[in-house]
Amino acid sequence: TSFGRIQGVLGGRLEHLEIVGGQPQRFTLLLETIRTQGVPQRINVEAVENIARIGGGQSPFVGLAGNVASFFKEFVYAKIGVRAVLENDQFRINGTITEDGVEYLVRKGGLPGVDIVNLNPTNQISFKDMIKRVQRVSESESGPVVR
């Protein structure tokens, strides 16, 4: 992707799409990885950072985790699951993976592994602000800082 390297098979669907004047007004987008034999499920540090940014959360590599992450270039994941909903110019991103009351966008799959937790599942922003957020992430020429 333009915001990092992700290996695996991704499936998805777009529902309830309404476009007015060339601009989306409403949709529901569901994206989830599909475990496929012989296809590795790996995600690099840059993609982890940027998914967390797009989802409105903080980096999973703060503090001690950043020190550990600096030894790895990529991580194993079990699943990536994202549900994005636009309605009345309000955009929301949620994870599709919920365990013990915690919502995940990315769930680790082994060692080394990393979770991306949706820390604010009720967060909504305007669609224009989300487009700006995605553009900032995809246009950034410098990768994440992992200490």
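This is a short exchange about how some terms are applied to a predicted model.

Colleague: What are the ground rules?

Modeller: Local features need pLDDT of at least 70 and side-chain atom pairs count only at pLDDT 80 or more, while totals for chains, interfaces and linings use all residues. Residues are numbered from 1 along each chain as its sequence is written, and side-chain values use heavy atoms, with hydrogens and water left out.

Colleague: Why are phenylalanine 91 and phenylalanine 127 called an aromatic pair that is tilted?

Modeller: Rings of Phe, Tyr and Trp (its six-membered ring) pair if their centres lie within 6.5 Å; planes under 30 degrees apart are stacked, over 60 edge-to-face, and the rest tilted. These two rings are 5.7 Å apart, centre to centre, with 55 degrees between the planes, so they pair and count as tilted.

Colleague: What makes this pair a tie between parts of the structure?

Modeller: Phenylalanine 91 lies in strand E6 and phenylalanine 127 in helix H3, so the pair ties together parts that are 36 residues apart in sequence. Helices (H or I, at least four residues) and strands (E, at least two) are DSSP runs, numbered from the N terminus. Phe27, Phe91 and Phe127 form one aromatic cluster.

Colleague: Why do you call phenylalanine 127 buried?

Modeller: Buried means under 20% relative accessible area, exposed over 50%, and partly exposed in between (1.4 Å probe, protein chains only). Phenylalanine 127 is at 14%, so it is buried. Phenylalanine 91, at 6%, is buried too.

Colleague: What makes strand E8 largely enclosed?

Modeller: Five of the seven residues of E8 (residues 102-108) are buried, so the rest of the structure largely encloses this strand.

Colleague: How do you know that E8 and strand E9 pair?

Modeller: Two strands pair if DSSP finds at least two bridges between them. E8 and E9 (residues 116-117) have two bridges, so they pair, in the antiparallel sense. Valine 106 has isoleucine 116 as its bridge partner in E9. E5 and E8 are also antiparallel, over three bridges, and tyrosine 77 is partnered by lysine 108 in E8. Strand E7 (residues 97-99) is joined to E8 by three bridges, again antiparallel, with threonine 98 opposite glutamate 103.
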